[in-house]
Amino acid sequence: MDVGYHSYETESTHTAGKVITCKAAVAWGPGQPLVIEDVQVAPPQKMEVRVKILFTSICHTDLSSWKGENEAQRAYPRILGHEAAGIVESVGEGVEDMKIGDHVIPFFQGECGTCICCRSQKTNLCQKFGVNPLKSVMVNDGKTRFSTMDGNPIFHFLNTSTFSQYTVLDSACVVKIDTKAPLEKMSLLSCGVSTGVGAAWNVANVQPGSIVAIFGLGAVGLAVAEGARVRGASKIIGVDINPSKFFKGKAVGITEFINPKDLDVPVHEKIGAITEGGVDYSFECVGNLEVLREAFLSTHTVTPSSYHPVSDFPVSSIVVPL
């Protein structure tokens, strides 16, 4: 896709500073079907950006929130979605690092760049714009930028709300990307790929020659495999109950595949047998407590007799947030 800056700048002159009416998928209650309807999107305020969403994908987090599994996080009506790519339509006061026509991806783990967490090399949990599933309004004024056609507020989701043709984000939650990058693929960088690769590179810091196990070969798990492969892992074991995932996994570096349904022993025992006692790094990419236990026990630092879910947290085991 080649969207020229000048052509989009011309288009945006008709909408900048004005309320935009567009289509969005609105969640009206837990588990209720999303409704595609017209919504109003207000102009960006100070340090905010309004983005035309061209591609968006769905993540398990969207599904959990749509179901309303956590009652404390419920806020309706709401526009879900956090994995996307698009083009800047307009910017608010004070935004200097982005302009109309820039290709961008939203991300829910924003960075103010000045708080103690942002200045630290050990965390990316920004105090002001960090991920907060309870937050449903903008940081600037505590209000929403979405509304129904009769003026009632529609709540935001994870700083992003990408299930809309246009969305407003804090500029701290937007990243500019190369215009040559295909936007339909860059969408995955906003969550799945960055989460998986980041877990392998930044959290675990996988070392060359190490042995890795990955439980769950969805988008996040496959991204972990890619990250481990690039880091030089000598053996990457993929664990999934879907045998078709192995063929996808081989393309990104998985060297061995284990299907728990084919075993007559626990997965961690099988992994221990083929790795001389366990792996160096174990990634749990499912979000299931029993799978998490198997991931812990698959490392060479934990044995079943010593395992305790509260006190034992081997440094080589990584829980990938979903």
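In this predicted model, Val26 stands opposite Val35 in strand 2. Strand 1 (residues 20-27) and strand 2 (residues 35-41) are antiparallel and are joined by seven bridges. Strands (E, at least two residues) are DSSP runs, numbered from the N terminus, and two strands pair if DSSP finds at least two bridges between them.

**The open sheet**
- Strand 2 also pairs with strand 7 (residues 146-147), in the antiparallel sense and over two bridges.
- Val41 has Phe146 in strand 7 as its bridge partner.
- Five strands make up an open sheet with antiparallel pairing, in the order 4-1-2-7-8.
- Strand 4 (78-79) and strand 8 (153-154) each have a single partner strand at the edges of this sheet, so one side of each is left without a neighbour there.

**Strand 9 and its partner**
- Strand 3 (residues 48-57) runs antiparallel to strand 9, and five bridges join the two.
- Lys52 has Tyr166 in strand 9 as its bridge partner.
- Strand 9 (residues 166-170) is mostly covered, with five of its five residues buried (under 20% relative accessible area, 1.4 Å probe, protein chains only).
- Tyr166, Val168 and Asp170 point one way from strand 9, whereas Thr167 and Leu169 point the other way; all are buried.

**Basis of the values**
- Residues are numbered from 1 along each chain as its sequence is written, and side-chain values use heavy atoms, with hydrogens and water left out.
- Because the model is predicted, local features need pLDDT of at least 70 and side-chain atom pairs count only at pLDDT 80 or more, while totals for chains, interfaces and linings use all residues.

Technical notes:
Buried means under 20% relative accessible area, exposed over 50%, partly exposed in between (1.4 Å probe, protein chains only). Helices (H or I, at least four residues) and strands (E, at least two) are DSSP runs, numbered from the N terminus.
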